[in-house]
Structures are given as structure tokens and as C-alpha cells.
Amino acid sequence: MSPYLAFFLFLLAALGLVGLIVLLNGLLGPRVAASAAKSEPFECGSRPLQQRNVRPLSIRYYPVAILFLLFDLESVLLFIWAVSAGNRELATLSFCSFLFFMGLLTLAFIYLWKEGALEWR
């Protein structure tokens, strides 16, 4: 059996299982009607203590979170390159893909820097 066929069958089985669970939840799960009490904000299941200081999270935190995820993905690519050190072809391919990803990330970083998206206003 080809490794690609095994991966495809595994992916098909995983997606089928997730689809079956979602379908069964929709068919057999409880039907809960929305109410005013369910739409209220809460702190650990109780009413908020201070109503005047309840405000949404600032949008300025989202670029920091996205940059963290990108650098996290970058570190995963480095681990793949380090593990493939015994196989020369795989090491070359993984290193080239890492360099390509780093190039795209650098271009995006330069663009965001010039646009002022990284400035903390």
C-alpha cells in the first residue's frame, strides 16, 4: 500500500468520523432556545461584578497573536528540517521550504512595518 493512499484513507476516515459526530449531535442533541439570560456576559457562570468596566478586548492584540502563530509555525518547520538531517534530499527540501516561508514572512513583515500596522497607538 502506498503511503499516500494510507494517508488519504486516514484523512477520509477522520473527516468521516467528525462529520458523523456533528450529524448525530444535530439529530440527537438537545434543542436550546436563545434567551436574554443566555445572551448576557458572564464571569465563570455568575453575573459580572462591575458593569461599567465591561468592555471588549482591543483589536490591537490580534496582530500580536497572529505574529505569535506565524513564528510558532516557523519553529515547526525548523524542527522538521532538524529531524530530516539524516536524509539529504528531505533535508534540502525542508530547508528550501523553510527559506521560502521565511522569505514570504519577511516580505509581509516589511509591508506591515511600512504600513504602520505594528505601531502601538
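How are H3 and H4 oriented to each other, roughly parallel or roughly antiparallel? The axes of H3 (residues 61-83) and H4 (residues 88-115) make an angle of about 160°, and the two helices are therefore roughly antiparallel to each other, a label given to angles over 145 degrees. The model is predicted, with local features requiring pLDDT of at least 70 and side-chain atom pairs pLDDT 80 or more, while totals for chains, interfaces and linings use all residues. Residues are numbered from 1 along each chain, and side-chain values use heavy atoms, without hydrogens and water.

**Chain overview**
- The chain has 4 helices and 0 strands, in the order α-α-α-α from the N terminus, where helices are DSSP runs of H or I with at least four residues and strands are runs of E with at least two.
- Of the 121 residues in the chain, 9% are buried, that is, under 20% relative accessible area with a 1.4 Å probe and protein chains only.

**Packing of H3 and H4**
- The axes, lines fitted to C-alpha atoms over the stretch in contact, lie 9 Å apart.
- H3 passes H4 in a left-handed crossing, meaning that the near helix is turned anticlockwise from the far one by less than a right angle.
- Residues in contact (heavy atoms within 4.5 Å) include Leu 70, Phe 71 and Trp 81 in H3, and Phe 95, Phe 98 and Leu 105 in H4.
- By class, this contact of H3 with H4 has 13 nonpolar, 1 polar and 1 charged residues.

How values were computed: Axes are lines fitted to C-alpha atoms, for helices over the stretch in contact, and angles run from 0 to 180 degrees between N-to-C directions. Angles under 35 degrees count as roughly parallel, over 145 as roughly antiparallel, 65 to 115 as roughly perpendicular and the rest as oblique. Ala, Val, Leu, Ile, Met, Phe, Trp, Tyr, Cys and Pro count as nonpolar, Asp, Glu, Lys and Arg as charged, and the others, Gly among them, as polar. Buried means under 20% relative accessible area, exposed over 50%, partly exposed in between (1.4 Å probe, protein chains only).
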